[in-house]
Amino acid sequence: MPIHEYAPRTRYDAVALTGFASSLLTGAGMPRDRADDVAGILVEGDLLGHDTHGLQLLASYLQHIETGQMKLEGEPIALADHGAVLTWDGQRLPGPWLVLRAMEIAAEKAKIYGSGTVTIGRSHHIACLAAYLRRATDRGLVMLLLSSAPSGASVAPHGGLRAVFSPSPLAIGFPTDAGPVLVDVSTSITTNGLTNRLRKEGNCLPHHWLIDESGEPSDDPAVLHPPRRGTILPLGGLDAGHKGYGLALLVEALTAGLAGHGRADPLEPLGASVFLQILDPEAFGGGEAFRRQMGWVAQACLDNPPRQGFDRVRLPGQMALARRERQLRDGVELEPSILPALVPWAEKLRVALPAAS
């Protein structure tokens with residue numbers, strides 16, 4: 001199969017991309033239902049504009065399958081089940097498949113108890129957190145999703161020089177009459193995905209979001225890689241990084257702490273500890289009260305006069321959802337390096353590349 005060149009503005013049908021990703025995963029040995037879940041979440045990340053956590057991850061997932069770092073068969077092991085609370089050993093199974101299963105269980109528990117919580121240790125990587133949220137908000141539910149990577153350390157605590165944390169994202173989604181609010185932020189000021197991409201391209205970050213091994217601010221991703229020993233700064237950067245530091249500790253406590261697997265354990269290949277909670281507003285002040293309160297807050301934000309440099313105030317996730325709708329209609333605009341990285345896998349697994357739309 002010939003290697004093609006992909007222009008920056010090339011677009012691809014979302015359904016075709018999902019089928020392509022699923023075919024690569026099944027070709028590598030993943031059962032079809034699990035492959036469809038993983039592919040769907042990866043493409044959803046690209047649809048929302050989180051292109052460092054969409055199909056950019058697929059080549060590494062395929063490599064992890066080949067080296068045995070991702071397990072394809074089997075079920076998670078229940079370590080504890082106390083009604084509203086469930087803890088799994090994820091057995092290094094595909095992260096998106098585990099999270100989607102955990103969501104259904106948590107939603108069922110929320111209908112019974114008002115809230116349902118599932119923690120997962122030893123999951124494989126779970127991709128873009130925002131990609132899961134609408135599956136809860138469309139049902140009138142509130143969802144929290146947090147993830148840490150015990151095997152990865154690229155973020156220093158505020159005031160420190162040595163990496164302790166992963167970028168450790170946290171996400172929350174809830175419905176309003178103005179549309180769902182979808183928050184997905186890292187507890188670091190930037191991500192490994194972006195810094196790795198920029199390093200390969202020979203580019204720098206837009207600001208000094210890193211420090212080198214001496215603590216000097218830097219915008220050069222090369223300081224994160226041997227022989228250098230730089231780190232990513234916590235959310236808030238040099239001035240207010242204590243806030244991101246505190247959030248990173250929160251994520252560690254709710255993911256690794258509650259799941260019982262994290263940085264205190266022997267180092268394992270890339271994986272995740274996960275905290276997932278779904279809340280049913282009907283069990284609290286009531287769904288109508290929730291919609292009234294959050295509808296007022298959402299509208300107050302949307303009606304807020306914009307400051308200089310902004311055309312209007314938006315809700316978190318509003319631009320992502322507009323981008324999603326546009327890309328579903330016009331095709332997904334992939335970052336130029338993504339499909340070329342998958343060409344060798346397509347050739348090896350005899351899967352046809354998606355045609356440009």
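Which helix does Glu-44 lie in? Glu-44 lies in helix H2. The close-ups below start from this residue, and the model they show is predicted.

View 1. Leaving out residues up to four places away in sequence, Glu-44 touches Ala-131 and Arg-324. Arg-324 belongs to helix H9 and is part of the contact shown in the next view.

**View 2. Helix H2 crosses helix H9.** Two packed helices are described by the angle between their axes and the distance between the axes. H2 spans residues 32-47, and H9 spans residues 318-330. Their axes come within 8 Å and cross at roughly 110°. The two helices are therefore roughly perpendicular to each other. From H2, the contact takes in Glu-44, Asp-46 and Leu-47. From H9, Ala-320, Arg-323, Arg-324, Gln-327 and Leu-328 meet them. By type, the contact residues are three nonpolar, one polar and four charged.

**View 3. Helix H2 packs against helix H4.** Here the angle is about 95°, and the axes lie 8 Å apart. That makes H2 roughly perpendicular to H4. H2 contributes Asp-33, Arg-34, Asp-37, Val-38 and Ile-41. H4 contributes Pro-96, Trp-97 and Leu-100. The residues of this contact divide into five nonpolar, no polar and three charged.

**View 4. Strand E4 and its pairing with strand E3.** E4 runs over residues 115-123, and eight of its nine residues are buried. E4 is therefore largely enclosed by the rest of the structure. Strand E3, residues 85-89, pairs with E4 in the parallel sense over five bridges. Find Trp-88 opposite Ile-120 in E4. Between E3 and E4 the chain passes through helix H4, residues 95-113. This β-α-β crossover is right-handed.

**View 5. Strand E4 pairs with strand E11.** E11 covers residues 272-279. E4 and E11 run antiparallel and are joined by seven bridges. Look for Gly-116 opposite Ile-278 in E11. In a regular strand the side chains alternate between the two faces of the sheet.

**View 6. Arg-92 in the loop between E3 and H4.** Is Arg-92 buried or exposed? Its relative accessible area is 9%. With the cut-off at under 20%, Arg-92 is therefore buried. Its contacts leave out residues up to four places away in sequence.

**View 7. An open sheet of three strands.** The strand order is E9-E8-E10, and the pairing is antiparallel. E9 (217-218) and E10 (231-232) stand at the edges. Each has a single partner strand, so one side of each is left without a neighbour in the sheet. E8, residues 210-211, pairs with E9 over two bridges in the antiparallel sense. Leu-210 stands opposite Ser-218 in E9.

Notes: Residues are numbered from 1 along each chain as its sequence is written. This is a predicted model: local features need pLDDT of at least 70, side-chain atom pairs count only at pLDDT 80 or more; totals for chains, interfaces and linings use all residues. Side-chain values use heavy atoms; hydrogens and water are left out. Axes are lines fitted to C-alpha atoms, for helices over the stretch in contact, and angles run from 0 to 180 degrees between N-to-C directions. Helices (H or I, at least four residues) and strands (E, at least two) are DSSP runs, numbered from the N terminus. Angles under 35 degrees count as roughly parallel, over 145 as roughly antiparallel, 65 to 115 as roughly perpendicular and the rest as oblique. Contact means heavy atoms within 4.5 Å. Ala, Val, Leu, Ile, Met, Phe, Trp, Tyr, Cys and Pro count as nonpolar, Asp, Glu, Lys and Arg as charged, and the others, Gly among them, as polar. Buried means under 20% relative accessible area, exposed over 50%, partly exposed in between (1.4 Å probe, protein chains only). Two strands pair if DSSP finds at least two bridges between them. A crossover is right-handed if, with the strands pointing away from the viewer, the path from the first strand over the helix to the second runs clockwise.
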